[in-house]
Amino acid sequence: MAFGFRKSLLIASAAWLSVLSTLSEAATVTYDFDVAWVTANPDGAFDRPIIGINGQWPIPQITCNIGDRVVVHVTNSLEWHHPHGRPPQVSQCDIPPGHKLTYDFTVDQPGTYWYHSHTRGQYPDGLRGPFIVHDPKSPFAGQYDEELVLSVSDWYHEQIHNLLPAFISKGNPTGAEPVPNNALFNETQNLKVPVQPGKTYLVRMVNIGAFAGQYVWFEGHNMTIVEVDGVYTQPAEAEMIYMTAAQRYSFLLTTKNETKANYAFSGSMDTTLFDTIPDDLNWNVTGWLVYDDSEPFPEPAVIEGDEFNAFDDMELVPFDNQTLLGEPDQTIQFDVIMDNLGDGANYAFFNNITYTAPKVPTLYTALTSGELANDATVYGEFTNSHVLQKDQIIQIVVNNLDTGRHPFHLHGHQFQTIHRSAADEGTFDDTNTTMADFPKIPMRRDTVVLEPNGNVVLRFKADNPGVWIFHCHLEWHVASGLIATFVESPKQLQDTIKLPQDHLNICAEGHIPISGNAAGNTIDLLDLDGQNRAPDPLPAGFTARGIVALVFSCVCGILGVVVVAWYGLAPDPGTAGPALQSDGNSTEDDGQRGGVLGAGGKTAGAPVETVKASGSAAGR
């Protein structure tokens with residue numbers, strides 16, 4: 001188990017903690033979390049095991065103010081069920097069952113976030129919750145009366161440790177993702193949210209789901225967007241928003257002045273992500289703004305699939321009006337591919353690399369590799385690592401060579417989204433876009449939707465040293481390897497970070513090395529022999545076994561044709577030659593042969609007629 005807390009390194013840094021001395025009003029907020037299985041029934045279908053904290057589920061919301069020091073003591077009381085799921089080994093080792101780890105960091109930006117397990121596919125089983133950072137100096141302070149926190153998510157009846165092995169297997173060669181069974185608001189259904197008339201609420205909303213994007217709208221009420229993914233925006237009016245997994249929106253919602261009716265609000269799963277739609281799937285979830293509990297709770301309006309008209313987040317303008325960053329110092333292109341490997345299973349790839357966790361956590365390699373920490377080779381062939389130097393302008397071009405949407409999330413940074421194509425517009429090079437086409441003040445966030453067979457261009461400044469992953473936030477694609485690694489300012493990391501002892505202890509418990517390259521080699525850091533590897537690719541041509549099978553099949557086929565030809569050319573057994581003709585039976589014999597041939601002709605013809613009829617029915 002490993003937690004992901006927004007943009008932090010998940011470790012204590014002397015450089016970060018020194019900030020406390022300059023923040024006289026900063027507080028230390030401490031949480032003690034015992035993570036263990038509990039039983040719950042969020043959608044009313046049946047009880048099932050869910051990962052809770054301190055014996056409860058939903059798990060606690062973490063709340064603090066900007067500048068606060070957050071200390072979270074985690075005890076892992078889970079028993080692991082399966083080896084699937086990624087990515088451990090980025091900035092820490094997994095927390096073994098029965099062991100503890102402390103996360104200690106200073107919160108340096110406000111907004112709406114969430115925390116969740118980032119390994120073994122655990123968060124779809126419940127280990128996910130909001131993380132709210134208040135800002136006394138918010139530009140929207142004084143413009144609302146109260147805050148509401150609202151999560152939306154998908155929900156699976158089957159536990160993830162049962163779904164993952166079947167998903168990544170030769171039995172699922174197309175990579176069809178498991179379809180959720182239901183959608184939830186605040187980890188339940190039929191949610192009722194009491195509101196007061198004539199008030200303005202700041203609604204902080206987060207999609208904590210594993211797979212489904214969600215269309216969200218409030219009947220009879222508009223939303224005024226003021227923040228996305230921790231970035232304040234110029235106010236933007238919206239009737240409907242689209243939230244992919246991991247995205248957050250904060251918006252102002254003003255209630256009616258009267259209390260004579262209650263109003264539905266809805267989430268509708270994006271079914272274009274699903275390979276199949278089960279007959280019993282209800283892809284909608286409904287809640288209500290409750291003005292008067294004694295009034296009826298109306299059914300939501302029905303919206304057809306082609307009527308969804310969500311706000312385009314590319315139109316958002318950051319409140320700080322940050323202008324387009326300059327020409328990039330480094331451009332990294334990722335082509336998204338879904339394909340099969342030699343084990344027959346379907347995997348996800350950036351540039352033909354499917355992520356495989358290294359033997360040594362990547363952060364630990366950066367801290368112990370000296371000058372070679374600037375050489376991406378030491379981080380392994382299958383971590384898809386890229387080294388970024390301090391204050392470089394980084395441009396990421398992502399070309400989607402897949403037919404599905406992907407939400408891409410970057411740890412450690414909020415990026416400018418300077419270009420996003422519509423679906424089916426091909427690669428970025430195909431668009432012939434130039435610098436002049438980019439917006440002067442681009443939308444900024446940390447999770448962006450990439451359209452099917454489309455492209456997106458992102459830009460950020462490397463001003464936050466750490467080891468950050470860039471990945472699709474569909475949990476199934478994390479598990480199948482759609483991850484790349486950015487090692488940012490490794491020399492600065494070496495100068496400022498000392499690993500806490502409890503982090504080293506959990507590695508020792510798991511027999512995980514804490515120094516050296518991705519293969520655990522501390523002598524020759526460029527020697528990756530023994531590194532963890534993805535399965536081998538499918539062979540480009542026939543294997544030896546395939547050649548033998550093909551030759552054997554060909555020989556059998558040729559022999560079969562020869563036998564049929566020999567049989568067809570052989571004399572009829574009823575033909576007696578001249579002696580038979582002389583006794584006058586030739587005509588009768590010919591008639592018998594004719595009868596046999598006639599019957600044979602009819603028999604041969606029947607299947608042809610059947611095939612034609614069947615084909616006609618299929619055509620109809």
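**From a surface leucine to a salt-bridge network**

Leu-559 is exposed, with a relative accessible area of 52%. Exposed here means over 50%. This residue sits in helix H8, which covers residues 544-569. Together with Val-551 and Val-555, Leu-559 forms a nonpolar patch on the surface. The patch has about 260 Å² of accessible area.

Now step back to the whole chain. The model is predicted. It holds ten helices and 30 strands. Of its 620 residues, 51% count as buried. The protein exposes about 27,200 Å², and carbon and sulfur atoms supply 53% of that area. Among contacts with a separation of 6 or more, 80% join residues 24 or more positions apart.

Next, look at helix H2, residues 160-167. Ile-160, His-161, Leu-163, Leu-164 and Phe-167 are buried there. Seen down the axis of H2, these buried residues fall within an arc of 160 degrees, so they line one face of the helix. They pack against helix H5, residues 475-479.

Leaving aside residues up to four places away in sequence, Ala-264 touches Phe-218, Glu-219, Thr-286, Gly-287, Trp-288, Pro-298 and Pro-300. The C-alpha atoms of Ala-264 and Ala-301 are separated by 8.6 Å, and the two residues are 37 residues apart along the chain.

Charged side chains come next. Side chains of opposite charge can pair when their charged atoms come close. The count comes to 19 salt bridges. In one of them, Lys-199 pairs with Glu-146, and the closest N and O atoms are 3.4 Å apart. Lys-199 lies in the loop between strands E11 and E12, and Glu-146 lies in strand E9, so the pair ties together parts that are 53 residues apart in sequence. Lys-199 is partly exposed at 27%. Glu-146 is partly exposed too, at 34%.

Asp-313 forms a salt bridge with Arg-420, with the closest N and O atoms 2.7 Å apart. Asp-313 sits in the loop between strands E19 and E20, and Arg-420 in strand E25, so this pair ties together parts 107 residues apart in sequence. Asp-313 is buried, with a relative accessible area of 5%. Both residues belong to a network of salt bridges that also links Asp-229, Arg-248, Asp-312, Arg-445 and Asp-446.

Finally, Glu-451 and Arg-405 meet in a salt bridge at 3.0 Å, N to O. Both lie in loops, 46 residues apart. Glu-451 is buried at 16%, while Arg-405 is partly exposed at 21%.

Notes
Residues are numbered from 1 along each chain as its sequence is written. This is a predicted model: local features need pLDDT of at least 70, side-chain atom pairs count only at pLDDT 80 or more; totals for chains, interfaces and linings use all residues. Side-chain values use heavy atoms; hydrogens and water are left out. Helices (H or I, at least four residues) and strands (E, at least two) are DSSP runs, numbered from the N terminus. Buried means under 20% relative accessible area, exposed over 50%, partly exposed in between (1.4 Å probe, protein chains only). Contact means heavy atoms within 4.5 Å. Accessible areas come from the Shrake-Rupley method with a 1.4 Å probe; for residues, only the protein chains shown count as cover. Patches are made of residues with over 30% relative accessible area and no salt bridge: like charges are joined within 9 Å, nonpolar side chains (Val, Leu, Ile, Met, Phe, Trp, Tyr) within 5 Å. A salt bridge is a side-chain nitrogen of Lys or Arg within 4 Å of a carboxyl oxygen of Asp or Glu. The arc is that of the directions from the helix axis to the C-beta atoms.
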